[in-house]
Amino acid sequence: MRIILTFTLLMIPGVVSSMNVTGYSGGGVTITCKYETKNTAKSFCRGDQRSTCSDLIETETKDKWVKSGRFSLYDNTSSAVLKVTIRNLSEEDSGTYNCTFGRTRGKDSYTEVNLKVITDQQNRSVRGYSGGNVIINFKYKMKHKNNVKVCKTAADQCFTVMNTNRTTERKHDGRFSVHDDRSADLLRVFIRELNVNDSGEYKITVKVSEDYSVFSQFNLDIRDDDCCVKSISLSAAAGASVNISCKYPQSHKRDVKFLCWRSGDNLCAEETSVKDSRRWSPEGKIQLYDDREKQLLTGRISHVTEQHSEYWCGVQSDQRHKSFITRVLINPTVKTSPSTGVSRTSTSLASPNTSAGSSLIIPLVLFFLALITAGLLLLFFCKKRQSQGGDSSSQTGPGKHEVVSHTGCDYEEIKDTHKQLPTNPSDSSNCVYATVQKATGDSQCCITSAEDLNYAVVNFHKKSDCPDSVSIRNNQDYSEYTAVNYLTA
């Protein structure tokens, strides 16, 4: 149909071409009209008929931009094209326009432009934070975008910060990235590692075809807020869970909060968000809890892996852009089994409203440790007393006798009785005297009379199968005894 319409228009004298242009409310378009005649006067007018077309802007200046309200013209004589820019589009701008060349519209050539404006709320202002990132979404329904250019405007010029062709859906250039999300008809622009010098006016231009391109302009406001930590690092066992906590500025209390997992150049490969205050997000790998009174976003990340090690806390004021505030780095550690002596690391997160109950765990643990310690000390002292009682019972006190068996013979030990035993053998006619030997190292001291010791006499009743001598060793207390009597069976 367009081919037929173009052919019909070409049959009309003066008509060069016709084009259809689609723009978005709040944004702008730049239209390229080709011409053949080298007429001085160029203009852009609105109307279906050339004779009634009302000029919106005209110029006789070559190779220089001329502005009039929302319209601008640039006559590129080297390429023989007239560029027309319309800013701040609205639905009322939809209609038919003409690029005219020459002062006499009835005779000179022109290009017909059919403009359609689609309602879409464009970004006017984007707020970011120093050290963080922003994602800006632009809605474009065109399926065949040739390239994207991002530039920063200053003094009526736009300095390019990124320019890419559409060979891939994702392009990375320094701190800037562009993702063409065709399934959602969105163009996502990523700006990382923000600083206050990034503040200013930006323009994003998408070239749709050789005939025209569409663009959006926004003001980027970068702030350095003391409320928020720029980066935090955590450790967790691989496969376990880890808790996170992020502060956010008070101006975002009512905004949506989110946690994004970064994968390469994609700042938000996976996202979990929470809209309500003091209410957990649905269960999943990531759970979030927003306490707006404290301006604190807390959450739990389960099943930690090395691949999922970088996350970002942020806020979303509207659907058109996201502000990333705090970077969360997770260092997964090796999880060992209990048999290796290393306990597994696992964390859990309770609701902030129940934190007081969780604080009782430490006192209870200390109480039980004290009980165990007291029990062990009591057991130690009991064992010690029993040991001392056993040692004392094995010894005989003064005046006590103990019968010791030795090869079928009975000896009676008498400790320190201090009794006066008879020193004269004649006093005990029934006693048979023997020899008592006291071992001193390798030598032996023979005792043949009572004067050699402090004790009186050692008496034996002789039995045929009993030994004739008794040895007293140094390491025993036998020398403390008064007498050793050999008893016959």
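Student: What counts as a disulfide here?
Tutor: A disulfide is a pair of cysteine sulfur atoms within 2.5 Å. This is a predicted model, where local features need pLDDT of at least 70, side-chain atom pairs count only at pLDDT 80 or more, and totals for chains, interfaces and linings use all residues. Residues are numbered from 1 along each chain as its sequence is written, and side-chain values use heavy atoms, with hydrogens and water left out.

Student: How many disulfides does a search of the whole structure find?
Tutor: The search finds six. One of them links Cys-151 and Cys-158, with the sulfur atoms 1.6 Å apart.

Student: Which hand does the link of Cys-151 and Cys-158 have?
Tutor: That link is right-handed, with 90° about the S-S bond.

Student: Is Cys-151 buried or exposed?
Tutor: Buried, at a relative accessible area of 2%. Buried means under 20% relative accessible area, exposed over 50%, and partly exposed in between, using a 1.4 Å probe and protein chains only. Cys-158 is partly exposed, at 30%.

Student: Next, what is the S to S distance for Cys-246 and Cys-313?
Tutor: It is 2.1 Å in that disulfide. The link is right-handed, with 40° about the S-S bond.
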